[in-house]
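The tour goes from one chain to its pieces, then to the pair of chains.

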There are 2 protein chains.
Amino acid sequence: MLRQSSEEVMILAELEATPAKTDALPPRRPRVVILGAGFGGLNAALGLRNAPVDITVVDRRNYHLFQPLLYQVATAGLSPAQIAMPIRRVLASQKNATVLMEKVEGVDTAARTVLTGSRRIPYDYLIIATGARHAYFGHDAWEANAPGLKTIGDATEIRARILTAFEKAEVTDDPALREKLLTFVVVGGGPTGVELAGAIIELARKAIVRDFRNIDSSTARVVLVEADERLLTAFPEKLLQSAKSQLEKLGVEVKLGAAVTECDDNGVALADGQRVASACVLWAAGVMASRAAKWLDVAADRAGRVVVDEHLHVPGREGLYVIGDTASVKGKDDSPVPGVALAAKQMGRYVADLIKARLAGRTAEPFRYADYGNLATIGRKAAVADLGPIQLRGFLAWLLWSFAHLWFLVGFRNRTGVFLDWAWAYATFDRSARLITERRDR
Amino acid sequence: MLRQSSEEVMILAELEATPAKTDALPPRRPRVVILGAGFGGLNAALGLRNAPVDITVVDRRNYHLFQPLLYQVATAGLSPAQIAMPIRRVLASQKNATVLMEKVEGVDTAARTVLTGSRRIPYDYLIIATGARHAYFGHDAWEANAPGLKTIGDATEIRARILTAFEKAEVTDDPALREKLLTFVVVGGGPTGVELAGAIIELARKAIVRDFRNIDSSTARVVLVEADERLLTAFPEKLLQSAKSQLEKLGVEVKLGAAVTECDDNGVALADGQRVASACVLWAAGVMASRAAKWLDVAADRAGRVVVDEHLHVPGREGLYVIGDTASVKGKDDSPVPGVALAAKQMGRYVADLIKARLAGRTAEPFRYADYGNLATIGRKAAVADLGPIQLRGFLAWLLWSFAHLWFLVGFRNRTGVFLDWAWAYATFDRSARLITERRDR
């Protein structure tokens, strides 16, 4: 198997005959516009650091978010600023990059122009990396009762709902209401659902267990509901079993083959007719790509992702690339490249290198996803890791997960802050960010 | 001058003849209800730790806020969780205390009952410590254009407005709009106004100065507007002059004797007819006590504070005490006790000790405010300190301010976190929490 050892060397320095290289360049520096500063977009910008181009990064938010740890904000373990970095700070010293905080309204591919609320931004190369949102499979009304987890706003909202449920349970004298308040339902058995369920049960049984007088927070139920017959379907069978038993050992009730048929402010109804009364339902059951396919009016797959060719290029649209969770890309054996941070990062670096190669008159080899394995954390000392030949579970997998995430967390400072918080939390079971905050709360 | 050396010894252990001491106690433990878990309420609860009472702390939020550092959240220096602690965590090991997160709707003093949204809470002793809000002197409509700073929600809103102004200035091509976006107006020359103005100019000139391409953030104007002829009126004249010149040295424009006559989305108009165009006006010009006087239907002073007697007792209302920013209390020479954290803390401890004394059949000496001095910070290495005979300014005052605030910050963990952030910010001029977040932003 010819897997490349690092995404850094993934370029393709094959020289070609370039008869009119300088003539082919426009008189000004080529303009590269990047939409979205997640793992894909930010790494595309960083990969073009020394390239003779003018880069404009457009994002509706002012920060890059380390999404793999977002569930820890939602469960009061970390503060938002610990997993988010201002985009312009990351790119402050990169003089060829300009950051604009703007909402993209569309793309005029004929005029090679991005449309925002206030301006038209011309491009020679456009990299779309606008990510994905959670999806409700046609039940958008469920969102009000079952928020998903993609943004910092989502995370602080979920944190407020979880903590408020315990607060209200402490106040009420109604046993039925108390039981409902102390039942948490997580819909979706992928990595995010598993992480959330594990973190909530640990919160209830460890972090806050001594804080209440009228309730015993350790009696809280956390119910993980998955329509499929298996959790974490990306993992091999043996690790799936382990993940399920690790979750159950923590105290999570795992319901497999249980599709949600209704979701309202009383909780959820399942396909088998069962109802689970809950005041706090969280949604981790699916994602839908951003609107890019609509902007471009091109083919999308079932999850709304733009179908790109082997160079991450949109067929028929000169200079237009789509990467990360917004792109539908085939990996080896034609299996789809997963929507994970590392894949987005590799795609961002790949497109940066491809543009550099094109500017130098070279061609690029097709994108190849370097799959280093698959990690999912479940709780304290609980995780599964699939490294191809090596499979880990429990403490070792958790250690690996922790170090891998610290390593990839952007920026030295955030890394130390998160490390200190983790070390503290590990020693004390404490949660540092237990705030129920609201915008302009009074 | 007979000033007491510590608030801890402020009780009055004068024994009296108590003929029927045990008979006077009701068969159950006396119920102490505390409304508000700011510095006053929390210290009242902590002061009753070993008392034979049942304490109920009621707060509409789940956290105690270290308000003296709130301006640092508003200017992206600290994260909310670094200056806020869950109330129930502070009181977790205090078995005689129950915390209820509820909004108080009123007090029935005849029935000795507090009314909340969901229940009636009977009390034998009631301590009202519900603090104060900013006030607009009859211009409540100004609040939308000029938010004040009292809650974490206020702080993250102000942070978003400041950072968004720079982001929009980077995007626009309109010079007049850009100038308006790069002009920040702070209304009110008290400690909060001075802190905000200093922190914003430092943000513009240091923390973010290398991050933009189309604007020079160091050209931002920060205008501090005060209706009085002096800043920081609680300080002696010599320090006032120093505070003004320290602010001006940082780059703040100080306008004294400049009452605001209009405040809209174009900025502010001043009494002399001048207009200052600004997209970000912040309000630090006055406070109004919480609704306690209305709940009790008793006399209030001009700032809405309940007039209490020398024992912080509400005349004619048995067992009812009002403390902190909600109380109008006379200090030595009949001067009012200032609305500062240390005064609230002392009042909380005083009432706790008074209740313990009453339960033991003793009487209590009148409350006496131990005034340790007055500190105001202006910026990096800039502050003023009035310690009575000793007056400091500049670096020494700033050091004293920093250590005093670290010392008083509740909880070991928050202290180290804040200390690390300050050390880092001092070394690098960095701001760690530069996030423009919204509730459930998309």
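## Start with chain A

In chain A, 64% of the contacts with a separation of 6 or more are between residues 24 or more positions apart; a contact means heavy atoms within 4.5 Å. This is a predicted model: local features need pLDDT of at least 70, side-chain atom pairs count only at pLDDT 80 or more, and totals for chains, interfaces and linings use all residues. Residues are numbered from 1 along each chain as its sequence is written, chains are lettered from A and ligands numbered from 1 in the order in which they are written, and side-chain values use heavy atoms, with hydrogens and water left out.

Colour chain A by secondary structure. It has twelve helices and 24 strands. Both are DSSP runs, numbered from the N terminus: helices are H or I with at least four residues, strands E with at least two.

Now switch to a surface. Chain A exposes about 18,300 Å², an area from the Shrake-Rupley method with a 1.4 Å probe; for residues, only the protein chains shown count as cover. Carbon and sulfur atoms supply 53% of that area. Of the 442 residues, 56% count as buried. Buried means under 20% relative accessible area, exposed over 50%, and partly exposed in between (1.4 Å probe, protein chains only).

Two strands pair if DSSP finds at least two bridges between them.

Take the β14(A) side. β14(A) and β15(A) (residues 267-270) pair over four bridges, and a hairpin joins them through two residues. A:E262 stands opposite A:A269, while A:C263 has A:V268 as its bridge partner.

Move across to β16(A). Three bridges join β15(A) to β16(A). A:A269 turns up again, with A:R275 as its bridge partner in β16(A). This hairpin has four residues between the strands, and A:G273 takes a positive phi near 90° there.

## Select A:A169

A:A169 lies in helix α5 (residues 152-171) of chain A. Is A:A169 buried or exposed? It is buried, with a relative accessible area of 0%. Show its neighbours: A:R178, A:L181, A:L182 and A:I215, leaving aside residues up to four places away in sequence. Then draw a C-alpha to C-alpha distance to A:R434. That residue is 265 residues away in sequence and 16 Å away in space.

## Select 341-359 of chain A

This is helix α10, with 19 residues. From first C-alpha to last it reaches 27 Å, close to the 27 Å expected at 1.5 Å a residue; the expected span is 1.5 Å times one less than the number of residues. α10(A) is mostly covered, with 16 of its 19 residues buried. After the helix, look for A:G361, whose phi is positive, near 80°.

## Bring in chain B

Chain B can be laid on chain A by a turn of 180° and a shift of 0.0 Å along the axis, with an RMSD of 0.0 Å. The two copies are thus related as by a two-fold rotation axis. Superposition is by least squares on the C-alpha atoms of residues with pLDDT of at least 70 in both. Finish at the interface: 100% of the interface residues of chain B are also interface residues in chain A, so the copies meet through the same surface.
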